Amino acid sequence: MRIARPFRPAGLALLVALSLPLVAADKASDKVIPPKPPLPAIKALRLEPAMLALDDLRDARKVLVLGERTDGGVIDLTAEAHLTPDTAGVTVDAEGYVAAKAVGASTVSVSAAGRSAKLPVKVAGVSDQPVGFVREIQPILARTGCNQGTCHGSAKGKNGFKLSLRGYDPEYDYQALINDLSGRRFNRVNVDDSLMLQKPLGEVPHEGRQAIKPGSRYHTLLRQWIAEGARFEDVAKARATNITILPASVEIDLPGRQQQFLVLASYPDGSTRDVTREAILSSNNEEVALVKGSSLTALRRGEMAVLVRYEGIYAAREVVVMGDRTGYQFAAMPENNFVDKHVNAKLQRMKINPSGLCTDAEFVRRVYLDLTGQPPTSEKVRAFLADSTATKTKRDALIDELIGSPAYAEYWANKFADLLQCNSENLGKKGVWVFRTWIQEQFAKNRPYDQFARDLILAKGSTFENPAGNYLRALRDPGKMTEDVSQTFLGVRFNCNKCHDHPFERWTQNQYYEFGAFFAQVAFKRGTLGRDTLIRGNETYASEQVSEDIVYQNYNGGEVKHPKNDKVMAPHVPYGQSREIAAGEDRRAAFAEWMTSPGNPYFAKSTVNRFWSYFFGRGIIDPVDDIRAGNPPSNPALLDALTEDFVKSGHDVRHLLRTLCQSRAYQLSIERNRWNEDDTMNFSHAIPRRLSAEQMLDAVSIATGHRSQFKDLPAGLRAVEVPDGMVGGNDFLTLFGRPKRQSACECERSSNVTLSHALSLINGPTLGDCVGSADSRFAKLVATEKDDRKVVEEVYLSCLNRPPTEKEITGIKLGEGDKRLEGAQDLAWALLNSPAFLFNR
Amino acid sequence: MTALGADAPVSWFKDVTPIFKRSCNGCHNPNKLKGEVDTSTYLGFLKPGKHGPSFVAGDPTKSLLLAQISGKEPDMPKEGDALSAAEVALITRWIQQGAHDDTPADAYSTKLKEPPTYTAAPVITSLAVSPDGQWLAVSGYHEVFLFDAPSLTLKARLLGESPRIESLEFTPDSKRLAVGASAPARFGEVQIWDVAAAKETGSWKLGSDSLFGVSWSPDATRLAFGGADKSVRVIGAMDGKEQMKFDNHSDWVFRTVWATDGKRLLSGSRDRAVKLIDASSGQFIDDINKLLEPVLSLARHPKEEWAAYGGAEGGLRVYKMKENQERTAGNNDVNLVREFERQPGPVQAVAFSPDGALLAAGGVGGEVRVYKTADGARAATLGGHEGAVFALAFSPDGKRLITGGFDGLIRVFDPVSGKVTVVMLPVTLSAAKQVATR
């Protein structure tokens, strides 16, 4: 009957809604660079750094020339500044680099925008130091792209020449240049004959084209290094330990403006170098600003970060492009708790004003979905709307009622069953039941989160009797344990560094295997419980799928070896310090203590950030499981305060969720105002979120009063109670992005909206069956309720959790007699196809 | 680029080739030949590409090149910045003026008129001792140093065209020396020298990159070698004519050795295989080994039909030189005679002692380790090298083991005691030139 239904515009609301953001994205990707705004009046110049100290002949440095505006604020004038040395002791080249010529004190005159300043330069030495491979050659290989992933840094190298990816392994690279093929690539007898010069200069055919210009600084340095004997250095002394980005803070007034950056590297001996030209700078948001070389151009109002990498060190500088905010006046939202204080502070800084409070109807739907995974029934909505208690009081009471309810535990167990990879391929059919049940119990009794994590990491014995053991059982080997434990409990991605140092973070390949060493002795053996015999074709065999596993500590061995040299790796945590492991002790104990200790800067922080994202549609750090320097928090003070509060509460998840839900920020409307219409990351308004697959199916059940049946599972189960990620026979859940639970990544669950989703809702059997079933709410309603107004009201309350407006009531005609039921069903079907149903808003 | 008036003559060599080097030659060179166009030399550029001639002398409007590089969004270069308007104008004028070739006759020659002077010791890539014990050949730059082996006095400098010497081998009668050489990324070369006369009797340039691992057939009529083009070739020793070409390797081939009967040949490659080949037909017989790591060095046992190879991951193994047909799922490495301890770094050189009792291996680890072939026990460790070892050679009496490598020093060891008896440079160094700075 549904299929024969004529085409209806209401069903297409979703399609229309879908097409809008696509158009907007296309427009934004044009990247038209706005014209340079006129220079404002400048009262004085400021130099950063304020003075230079040069140690040797190659220690060339640059300064930022900043203009202090008469109306406050600072503007970058580096590109238009003129620098003239006052003495013969220093030189200034065309790029503005100041270099030493004679020992002593000098000055450089700086002028820009009609103002001038003096730059003191102290020259401590003018010796020509030998060129260092690690310090000077490796950065050239990175900057020119020799060792990037598409060239010689790829796993197989290029044309027989392989370098470590982005130069993480200087020793390997040195061997490749010097010893590989019996010294083919360098020639100290006739330096210019060296293949490592001839290739990048284009003197002989080079697929990577002319990577280095003849006569350039890089050419000269490479040449000098070979001529000096192609020496290697002590890596520990020569490799930079830290980088500093200048300027220290950047707020740009208008699109079209530029900002120059400087990057200084520091070394173990305390010395520093200006490595701006070799550092690699990029924009983390090319909609807001472009970065070319070491210069940024603002495109539009917004926030972004300039990411800097230099020789395995990663740092970021946050940049605000304010844009024209003439007429702005801060209107703070009332502060329900400390969350609002920090959100307000950020909004004020960004010149944003928050939206108003959402309505009670919006709130009751939102908080039900977020805490229990299902919308309220029409009775609950009616009762809440009718309650005349003060808004905040009754909202807080509802939050308290929902937190800890059975539906709460069911919902959060489902969420964590995803992250803990509860699927029958890993755990067998019984395994998924016992594991999911165990997870649900933890939420039902509000097990402190640190203890919950420790239970999972430290589990031993039968996976039937101690279901927590199913976590490590699902991960199986130390490599996957390393990657998934770090991503799930620390929000850190430890997988790139399996094969090489992490290309976007400081994590090294060694750390991967040192981390894995904590799990090296976790062993599994088949238990005797639940062994089953399966018959497939003519063969009978013992099924490995359904029996228990025993998790045990293999004291007799089990080590992780570094793939490069087969060296046994001792367990070491990647940051901080874990306690000593006693002889014969399970290594996991020291690890779990370290991981969950209040001092661990990632554990509690990544946890509160992850929960935050479930309620606000976006993490304070986002994606939530990719914490790194290049992915900074949008509101660090807020994240720190939440972290501290969570640790202080004893890792109390209910306390955290209550704090989030009670905040004003959570209860804001999705309606935007003039001052927050472009905000996407500061939580000044609610973000509409598509219901998850399970939320949607459970919401359809509540709306229609008809539950879908899942294959091989008891009747009456909520979608969030399905224990197995591999559940078959329900295309609806799969289509709407329910994960198979094979990954620790939040991204395994999809929440996108595509044409196939729209078509499934318009024409698919799941929605059609629920709306049209004989036992549905609508059949009963039409049979007992003779007043059409009340029928319409009930359908609205069931589907959208709000009463209809007067206009809606009068505009809807259900029809007469037999047509009345069909009319009510049509109405429900249309409402269930509307964005108001599909999104949590 | 020189500043030019509107009608000043444009030089192909001085003005145009630097632009091509920067923007074109990466793809349009004899190895890649994208669009069947070669921009790296005038002669190459003269040949029409897939879409016809690249230029018509005197007629810019009919020159495909200009259509490709000019305009608002030029088709070429595919990567990197477009040519500047001035550069396009320059090339246009060169074509207008007749597109003359003014490449100097010696522009691509690497020949030296006289032996080089050295301010730094050349890396020793190869060493060979003649079977009669009289000669020691040591690689230099553009030349081979020929020593009287017993006294270690320099007798001759064999100056050839190629700057880089890759491999050296004497004929069994010690009268001739084969030199595998190259100008990396330009060409490979095989040279034959009459040792007593110190005279080059033949030289053949092949391909566009290095040749490796030259070896004489037992009857000294043929030479085998591998190459960066992944091939194994056999050429006649008198005429240099190709007699066999084998293309079954999937990566560079570094070493060749002949079976004692001269009918079969082994080749070792970065593709991890040691392949047994019919030397006359070029037919592939079998991989004798399990493919574990790139093969860098290869040596035949003097008596048994065995070969030792050293790998890029430090492996050192001895294999039977025969088909691998008996392999099973349980044992897929049936020819393995012995696996030795893992070496500290890639193994660049292996050599059996003349009686076959000892096997020496050296490489990036910097030390040479001598093993008893019979049981794999380490007999001696030869240290002192500053950096990697690239070459090893036993004297025919087995009493001396000569090594060379990164530090450019010839070292003579007693392979049994491990004591070093001689450390010397092959050539006298002149005072170092001032190193260029900045």
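## Domains, contacts, strands and cores

User: How far apart are the centres of domain 1 of chain B and domain 2 of chain B, taken over C-alpha atoms?

Analyst: Domain bounds come from an automatic or database domain assignment. For chain B, it gives domain 1 as 12-96 and domain 2 as 127-424. Taken over C-alpha atoms, their centres are separated by 43 Å.

User: Which residues do totals for chains, interfaces and linings use?

Analyst: Residues are numbered from 1 along each chain as its sequence is written, while chains are lettered from A and ligands numbered from 1 in the order in which they are written. This is a predicted model: local features need pLDDT of at least 70, side-chain atom pairs count only at pLDDT 80 or more, and totals for chains, interfaces and linings use all residues.

User: What share of the residues of chain B count as buried?

Analyst: Buried means that 20 or more other C-beta atoms lie within 10 Å of a residue's own; exposed means 12 or fewer, and partly exposed is in between, with C-beta atoms placed from the backbone. Chain B has 438 residues. Its C-alpha trace spans about 75 × 60 × 40 Å along its principal axes. Of its residues, the buried share is 46%.

User: How many strands does chain B have?

Analyst: Helices (H or I, at least four residues) and strands (E, at least two) are DSSP runs, numbered from the N terminus. By that count, chain B has four helices. Its strands number 27.

User: Which residues is B:V412 in contact with, leaving aside its neighbours within four places in sequence?

Analyst: Contact means that two C-beta atoms, placed from the backbone, lie within 7 Å. B:N248 is 164 residues from B:V412 along the chain, and their C-alpha atoms are separated by 38 Å. Beyond its sequence neighbours, B:V412 is in contact with B:R400, B:I402, B:V420, B:T421 and B:V422.

User: Which helix gives the most to the side of chain A that touches chain B?

Analyst: Here 28 residues of chain A are in contact with 32 residues of chain B. Helices α4 (195-201) and α5 (217-227) of chain A each supply at least two residues of the chain A side. That side divides into six nonpolar, 13 polar and nine charged residues (Ala, Val, Leu, Ile, Met, Phe, Trp, Tyr, Cys and Pro count as nonpolar, Asp, Glu, Lys and Arg as charged, the others, Gly among them, as polar). The most, four residues, come from α5(A).

User: Which residue in the turn between β13(A) and β14(A) has a positive phi?

Analyst: Strand β13 (residues 262-266) runs antiparallel to β10 (residues 242-246) of chain A, with five bridges. Three bridges also join β13(A) to β14 (residues 272-274), again antiparallel. β13(A) and β14(A) form a hairpin with five residues between them. The residue in the turn with a positive phi, about 90 degrees, is A:G270.

User: What are the buried residues of helix α24 of chain A?

Analyst: This helix covers residues 765-772. Its buried residues are covered by elements including α21 (693-704), α23 (755-763) and α28 (819-832) of chain A. The buried residues themselves are A:L767, A:C770, A:V771 and A:G772.

User: In the largest nonpolar core, which residues touch the most other members?

Analyst: A nonpolar core is a set of buried Ala, Val, Leu, Ile, Met, Phe, Trp, Tyr and Cys residues joined through C-beta atoms within 7 Å. The largest has 130 residues, with at least three from each of domain 1 (9-16 + 693-736 + 753-840) and domain 5 (421-596) of chain A. A second, separate core of 98 residues includes B:V232 and B:I410. In the largest, those touching the most other members are A:V367, A:L660, A:V795, A:A828 and A:L832.

Technical notes:
Two strands pair if DSSP finds at least two bridges between them.
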